Amino acid sequence: MPDLKFEIAGLAAPLRLHKSYLAPVSNLVLGVVSCQTKTTFVWPFSTETATDRNALMKALRFCYGEPLNLTASDVCPLLAAISRLQLKGGQSVLWEMRSLAVDAAIRDIKAGVQMLRNCIAYDECCNDKCGRLDQALTRAVFSKANMEKHTAEVVDNCLMHLPQRFLDLAQYTDAHQEF
């Protein structure tokens with residue numbers, strides 16, 4: 001029987017969850033509900049967008065044993081949600097997600113561009129804990145071959161929309177030698 005109200009801003013009603021499922025897998029939840037009388041947990045992070053709420057819901061379902069199904073649009077918010085939940089053993093999950101995201105970016109340039117543009121909204125994607133997903137995706141998306149073959153997608157629709165620090169990470173083509 002659910003014994004924890006999990007409040008998420010943007011949802012009409014709190015989720016009814018089980019301390020016995022969440023506390024053993026999430027250090028964040030464990031720290032808040034370690035007192036037996038605590039029956040409400042308020043998610044302390046922003047869930048302004050439906051994407052963030054959906055990612056948190058996916059992460060919570062993962063805590064209950066459901067497998068993760070990743071898409072290019074939810075890799076970054078899901079990585080952030082899992083990191084914020086402080087899952088026990090979560091580091092290996094984060095690194096596996098990073099690896100899958102980079103592989104997807106190499107296979108599908110549009111997915112790579114989408115994930116890279118999403119990275120800048122989540123600090124968790126830009127730190128060492130998650131293997132600097134931003135830098136790994138930058139190397140995959142901004143290769144010389146991609147810069148030449150997919151100029152509009154890679155340069156115009158991605159690089160020009162990212163912070164300046166990404167300019168230094170791109171692998172530019174060789175400069176023209178002839179006039």
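The text below goes from the overall architecture to the helix pairs, the aromatic rings and the cavity.

The model is predicted, so local features need pLDDT of at least 70 and side-chain atom pairs count only at pLDDT 80 or more, while totals for chains, interfaces and linings use all residues. Residues are numbered from 1 along each chain as its sequence is written, and side-chain values use heavy atoms, with hydrogens and water left out.

The protein chain holds 9 helices and 3 strands; these are DSSP runs numbered from the N terminus, with helices being H or I of at least four residues and strands E of at least two. Their order along the sequence is β-β-α-α-β-α-α-α-α-α-α-α. The C-alpha trace spans about 75 × 30 × 25 Å along its principal axes.

Two packed helices are described by the angle between their axes and the distance between the axes. Axes here are lines fitted to C-alpha atoms, for helices over the stretch in contact, and angles run from 0 to 180 degrees between N-to-C directions.

| Helix pair | Axes come within | Crossing angle |
|---|---|---|
| α5 (residues 90–107) and α6 | 5 Å | roughly 130° |
| α6 (residues 109–119) and α7 (residues 133–141) | 9 Å | roughly 150° |

The angle in the α5 row makes α5 oblique to α6, whereas the angle in the α7 row makes α6 roughly antiparallel to α7. Angles under 35 degrees count as roughly parallel, over 145 as roughly antiparallel, 65 to 115 as roughly perpendicular and the rest as oblique. α5 passes α6 in a left-handed crossing, and α6 passes α7 in a left-handed crossing; the term applies if the near helix is turned anticlockwise from the far one by less than a right angle.

The whole structure contains 4 aromatic pairs, counted where ring centres of Phe, Tyr or Trp (its six-membered ring) lie within 6.5 Å. Ring pairs join F6, F41, W43 and F45 into a cluster.

W43 also belongs to the lining of the largest cavity, along with residues including D52, R84 and Y122. A cavity is a set of points on a 1 Å grid over the protein atoms alone where a 1.4 Å probe fits but cannot get out, and lining residues have an atom within 4 Å of a point. Helix α4 gives the largest share of its lining, 4 residues.

Note on methods:
On a 1 Å grid over the protein atoms alone, a cavity is a set of points where a 1.4 Å probe fits but cannot get out, and a pocket is an open set with protein on both sides within 12 Å along at least five of seven lines; lining residues have an atom within 4 Å of a point. Rings of Phe, Tyr and Trp (its six-membered ring) pair if their centres lie within 6.5 Å; planes under 30 degrees apart count as stacked, over 60 as edge-to-face and the rest as tilted.
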